[in-house]
Amino acid sequence: MAYAPQERIGADVSRAWIVGSQPPASGIASSLDAAPLAVIVDLVRTGRADTRPRLGSITGLSRKVVTQRVDQACGSGLLRDAGLAPSEGGRQARLLEFNADAGRVFGVLIEASEITVGIADLRGHLLATAHEDWTVDSGPEATMERVKVHLDVLAAREGVERPWGIGVGVPGPVDYSSSRLVSPPIMPGWDGFSARSWLREHYDAPIWVDNDVNVMAIGEWSFGTGSRSDDMLFIKAGTGVGSAIISRGRLLRGQRGAAGDIGHMHVTEDPLATCRCGQTGCLEAVASGWSLLMEATRRADASAMLSAAMTDRGRITLGDIGRAAHEGDPLSLEMLLTRAQVLGEVAASLVNFVNPGQLVIGGGVLRAGTDPLDRIRDVVLHRSTRLASEGLTVRAASLDQMEGVIGAALLAAENLLAPPALALWVEDATPLGHASALQRHATAFV
Ligand SMILES: [Zn+2]
């Protein structure tokens, strides 16, 4: 894989944010009464215990019970032996590890102009991916059919008969509890559509659907490079613009899932700044990839490279503008930097508001070289308060545009493996057959 996952010891503990449950550390004693097996698997999976004696000392369970439960978890394939622990003078303990290969999850990222799907292990490491340029304007049925075709091809290639769970990111506002899109401004025909219901007709697996920027933030926060910080602001500047906030290791969704949806924030009084949503003055009207394409098409005559693209294919793509800017085309550079300026100003306000340790910029605008990112960074550092900008890292997303599909896979894996969900199926060694209960259970936390 092109990305290098970082092992974040202990990070999984706080990933309980995905289902919104409390971190399990404080609840071990009470959980033990109900599901000692789930607690033991979870302690090993989250890196808090890797030997039987350590499990015993954390849980207070007797050696006999720990041994029985570990044997059960190893027998079911959820835990496995990892050799001998370093000697501490006495008899060496056997190391235990979580078996991320016990099952497979699917990750799906649907964006305005592309689809990416992947199959991942239970830690969110991608094993196979597929990508297609595709416009969501084609409508939900046609889009989901394409998603299914790609998933089925990958599953056949990887020998995956049934996924344990599916995570999906979509480019519009999602009511997280019902998985339905709610008035997506740029997705004709998708209002009220449930990708979960559609997929459940075809896969007997629990399915979690979230906004695309939220899953990108989950992927980047879990595996991205850079300083470790539990407070991250992710801004996507692609065809559309959106943001996601991770605060103290938890993704902020807000009451219904709309938190971070900044694309149609009012940022200018310019009456000519018309937006796809029908309003004027939105952030997307002046800073999105969509607005960039509109302007580039209108002004193509002023640029030799853009007018060449127009002549060749009858249209200009974000890739054309990126390449032109890269090669010094003044118009392309000007249009990109104008957008970077606006994004930087909005980002500075958000930085003041949520005080992240990292500001990560993702999406297609960054495929145009480093100039836009440098401009965003300059504006953010100049415009945010001293306390908020002290120690702030501003960087590009680091997973080769795969952060969204990785995050979607993690959304599924973490919803399956968070202790309250794990307790539902761990005795059976597989969540297959528990899709409805898992679905109900996970949404009950929102
Ligand atoms: Zn708008």
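Student: How many cavities of 30 Å³ or more does the structure hold?

Tutor: This is a predicted model, and the structure in it holds four cavities of 30 Å³ or more. Rolling a probe the size of a water molecule over the atoms shows where empty space is left.

The largest cavity contains about 240 Å³ of space. Its lining is made up of 24 residues, and those closest to the centre are Pro171, Gly172, Asn211, Val241 and Asp261. Two elements, α8 (212–223) and β11, each supply at least two residues of that lining. The most comes from β11, which gives three residues.

β11 belongs to an open sheet of five strands with mixed pairing, in the order β12-β11-β10-β13-β14. At the edges stand β12 (250–251) and β14 (393–396), each of which pairs on one side only. Within the sheet, strand β10 (residues 232–237) and strand β13 (residues 358–362) are paired in the parallel sense over five bridges.

Helix α13 (residues 330–354) lies across β10, β11 (241–247) and β13, and runs at about 160° to β10. Helix α14 (residues 371–383) lies across β13 and β14, at about 165° to β14.

Now the open space. The largest pocket holds about 950 Å³ of space. It is lined by 42 residues, and Ser113, Glu114, Thr239, Leu293 and Leu318 lie nearest its centre. Two or more residues of the lining come from each of β3, β4, β5, α10 (289–299) and α12 (318–326). Of the elements, α12 gives the most, with six residues.

Take α12 next. Its buried residues are Asp320, Ile321, Gly322, Ala324 and Ala325. The cover over these buried residues includes α10, α11 (304–313) and α13. After α12 comes Gly328, which has a positive phi near 90°.

β3, β4 and β5 are part of an open sheet of five strands, in the order β5-β4-β3-β6-β9, and its pairing is mixed. β5 (126–133) and β9 (207–211) stand at the edges with a single partner strand each, so one side of each has no neighbour in the sheet. From one strand to the next, the twist averages 15°. Strand β3 (residues 105–111) and strand β6 (residues 165–170) run parallel and are joined by five bridges. In that pairing, Phe106 stands opposite Ile166 in β6. Helix α6 (residues 140–158) packs on the sheet, where it touches β3, β4 (114–120) and β5, and its direction makes about 30° with that of β4. Helix α16 (residues 403–417) lies across β3, β4, β5, β6 and β9, running at about 135° to β3.

Ser179 lies in the loop between β7 (174–175) and β8 (180–181). The phi of Ser179 is near 65°, which is positive in a residue other than glycine. Ser179 has 2% relative accessibility and counts as buried, the cut-off being under 20%. Ala429 is found in the loop between α17 (419–425) and α18 (435–443). Ala429 is not a glycine either, yet its phi is positive, at about 70°.

For the setting of these parts, consider the whole chain. The protein chain has 18 helices and 14 strands. It has 446 residues, of which 56% count as buried. The chain exposes about 18,600 Å², with 50% of that supplied by carbon and sulfur atoms. Of the contacts between residues at least 6 apart in sequence, 63% join residues at least 24 apart.

To go back to the request: β11 gives the most to the lining of the largest cavity, and α12 gives the most to the lining of the largest pocket.

Conventions: Residues are numbered from 1 along each chain as its sequence is written. This is a predicted model: local features need pLDDT of at least 70, side-chain atom pairs count only at pLDDT 80 or more; totals for chains, interfaces and linings use all residues. Side-chain values use heavy atoms; hydrogens and water are left out. Helices (H or I, at least four residues) and strands (E, at least two) are DSSP runs, numbered from the N terminus. Buried means under 20% relative accessible area, exposed over 50%, partly exposed in between (1.4 Å probe, protein chains only). Contact means heavy atoms within 4.5 Å. Accessible areas come from the Shrake-Rupley method with a 1.4 Å probe; for residues, only the protein chains shown count as cover. Two strands pair if DSSP finds at least two bridges between them. Axes are lines fitted to C-alpha atoms, for helices over the stretch in contact, and angles run from 0 to 180 degrees between N-to-C directions. On a 1 Å grid over the protein atoms alone, a cavity is a set of points where a 1.4 Å probe fits but cannot get out, and a pocket is an open set with protein on both sides within 12 Å along at least five of seven lines; lining residues have an atom within 4 Å of a point. Grid points are joined across faces, edges and corners, and a volume is the space filled by probe spheres set on the points.
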